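Please read them with the coordinates open.

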Amino acid sequence: MTLKLYNTLTRCKEEFKPLAPPLVTFYVCGPTVYDYIHIGNARVFIVFDVVRRYLNYRGYRVKMVQNYTDIDDKMIQRAREEGLTVAELAHKYITAYEDDAARLRIRPADLQPRATEHIEPIVKLIQRLEEQGLAYHSGGDVYFNAGGFPGYGQLSHQAPDELLAGARVEPGEWKKNPLDFTLWKGRKEGEPAWESPWGKGRPGWHIECSSMAMHYLGETIDLHAGGADLIFPHHENEIAQSTGATGKPFTRYWLHAGYLNIEEKKMSKSLGNVLTVRRLLEEYNPMDLRFFILSAHYRSPLNFSRELIGQARAGRERLQEFVDNLYRALPGAGTETTGLEEKIRSELISARRRFDEAMDDDFNTAAAIAVLFELAREGNIYLQKSHPYQRELLEQLLNYFREVNELFEILEIRKPVSLDEELRRMIARREEARRKKDWALADRIRNELQARGIILEDTPHGTRWKHKPGR
């Protein structure tokens, strides 16, 4: 099978061919650490966490870098508001990010560099741009000369004249052209600053990522990813300054996650609808949030609402219930065959193939999850029939769900928590009542158990139980 991905640069799906397989160099734009991350940020980080895992699943050795922007205008302003130094603010929100990311099952990148720890390579990259005639010093700052880079606009697929129509010079800037952007900002009173050939100051936002990506991954990298909001100007500017300095292509494949809206509206502070991950985790299971995000194709717009999260929770719990049913069936399983096993094995082989085909088609997690639902449905039909279970088949199904959960991490693949002695006695009393056809008592016990968070399901193999959703 061939892995194909949609390259924002070419606007088409391309076969993935890394420069030096099995190594894949992968850079993901990380958070600007002036606040808690929101659900839109989480979508980006969860999606590319899964992309990295799938590349490993396909046999690649991924070297992933995700940066922290720990110095910029927002950082300085928020530090003043909170009465902290910029460094203290960065520490606070990096710690918060790491906690939120861990709860969302986002694995840390191999390297998580901070901009302020890479001033020297940033300065050297700006000097290379000066040597190429693509940087100039003006009004205490250093700017990139966008007009001097012939390919400017290639990622956003707009001509410079079109981009110029929406560009402007901000107060305090000394650009020659509105499309030019800051590489180095001269020092202002009360702001952090570092030594440079142009005097004390700090790096601009765009140059940080180019510098750290090339410092750790080389002058041409395989994959560069982020949210769609970064296509212009951030990633467009990264291409210009990186390729402008080296004369080489900066990134072979650009991946961008689609926008996430809240109740069909753009998420913004002005609308007061910014939902932080920290707040959502007080209300939702982290795996429900992961499932919700992965249930849509990563490039598609995604709408967040409580109704849709509820649907995601119900869907995830159907898959979880199948896994739990497999575990509960194992103790009574044996080696006997009934002829029904071959159909499920055929379904499993088909599911494995179709799952991989979905993921090979530009990481289509939505289609891959649909395959899991189909397999779970067929598996539950097998479990509900009155016949002996075959242990080997149950273990094959469990092992496959364990395998795909290493990619998605949306399920608990472990033996369900056992009930305490009192609840087990209540279930046994209900079974006895059913044998005696005392339906009133059986129903009363069922209702009592449900009030305590235990749902019962009567099957040909006896009564199964599960925890009520949310427990």
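1. Basis. This is a predicted model, where local features need pLDDT of at least 70, side-chain atom pairs count only at pLDDT 80 or more, and totals for chains, interfaces and linings use all residues. Residues are numbered from 1 along each chain as its sequence is written, and side-chain values use heavy atoms, with hydrogens and water left out.

2. Helix pair. The axes of α12 (residues 365-384) and α13 (residues 391-408) come within 12 Å and cross at roughly 160 degrees. Axes are lines fitted to C-alpha atoms, for helices over the stretch in contact; angles run from 0 to 180 degrees between N-to-C directions. Helices are DSSP runs of H or I, at least four residues; strands are runs of E, at least two; both are numbered from the N terminus. α12 and α13 are therefore roughly antiparallel (over 145 degrees).

3. Contact means heavy atoms within 4.5 Å. Residues making it include Ile369, Leu372 and Leu375 of α12, and Leu397, Phe401 and Val404 of α13.

4. Sheet. The open sheet has 3 strands, ordered β12-β11-β13, with mixed pairing. Two strands pair if DSSP finds at least two bridges between them. β12 (265-266) and β13 (302-304) are the edge strands, each pairing on one side only. β11 (residues 260-262) pairs with β13 in the parallel sense over 3 bridges. Ile262 has Phe304 in β13 as its bridge partner.

5. Helix on the sheet. α1 (residues 39-57) lies across β11 and β13. α1 runs at about 150 degrees to β11.

Terms used: Angles under 35 degrees count as roughly parallel, over 145 as roughly antiparallel, 65 to 115 as roughly perpendicular and the rest as oblique.
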